[in-house]
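Open the structure in your viewer and keep the sequence panel in view. This tour goes from one selection to the next and says what is found at each stop.

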Amino acid sequence: MITSKQRAYLRSLAHDLPTIMQIGKGGLGDNMLKTFSDALDARELIKLGVLDNCEYTPRDIADALGEALEAEVCGVIGRKIILYRRSEKKKNRIELP
């Protein structure tokens, strides 16, 4: 569990990150979850987009992703989701305040 100060720090780091994937009307499938998990292992911090044609709200998608991937939801801003999960494989980890 991360604190609100750490969450704000991660949101500031994610500001300049590109949106790596988008979630559309197909919702979340097993292949997407695997791809997101691999991205979190490699980057620790990712930003995702939710398209207008998705049947779920960005908050619902974020909560489902957080639970399925055992990741922290750092923020849902508009239709963007920011996720963080500490990687044990990565050498240069993000240092939280």
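**Stop one: cysteines**

Select Cys54, which is buried, with a relative accessible area of 8%. The model you are looking at is predicted. Next select Cys74; Cys74 is also buried, at a relative accessible area of 2%. Both values fall under the 20% cut-off, so both residues count as buried. A disulfide is a covalent bond between the sulfur atoms of two cysteines. How many disulfides are there in this model? The count is 0, with a pair of cysteine sulfur atoms required to lie within 2.5 Å.

**Stop two: a pair of helices**

Two packed helices are described by the angle between their axes and the distance between the axes. Select residues 30-43, helix α2, and residues 58-69, helix α3. Their axes cross at roughly 70° and come within 11 Å. Because angles of 65 to 115 degrees count as roughly perpendicular, α2 is roughly perpendicular to α3.

Now show the side chains at the contact. From α2, select Leu33, Phe36, Ser37 and Leu40; from α3, select Leu65, Ala68 and Leu69. Of the residues in this contact, 6 are nonpolar, 1 is polar and none is charged.

**Stop three: a strand residue**

Move to strand β1, residues 19-23, and pick out Gln22. Is Gln22 buried, exposed or partly exposed? Gln22 is partly exposed, with a relative accessible area of 47%. Leaving aside residues up to four places away in sequence, Gln22 touches Met32, Gly49 and Leu51.

Key: Residues are numbered from 1 along each chain as its sequence is written. This is a predicted model: local features need pLDDT of at least 70, side-chain atom pairs count only at pLDDT 80 or more; totals for chains, interfaces and linings use all residues. Side-chain values use heavy atoms; hydrogens and water are left out. Buried means under 20% relative accessible area, exposed over 50%, partly exposed in between (1.4 Å probe, protein chains only). Axes are lines fitted to C-alpha atoms, for helices over the stretch in contact, and angles run from 0 to 180 degrees between N-to-C directions. Helices (H or I, at least four residues) and strands (E, at least two) are DSSP runs, numbered from the N terminus. Angles under 35 degrees count as roughly parallel, over 145 as roughly antiparallel, 65 to 115 as roughly perpendicular and the rest as oblique. Contact means heavy atoms within 4.5 Å. Ala, Val, Leu, Ile, Met, Phe, Trp, Tyr, Cys and Pro count as nonpolar, Asp, Glu, Lys and Arg as charged, and the others, Gly among them, as polar.
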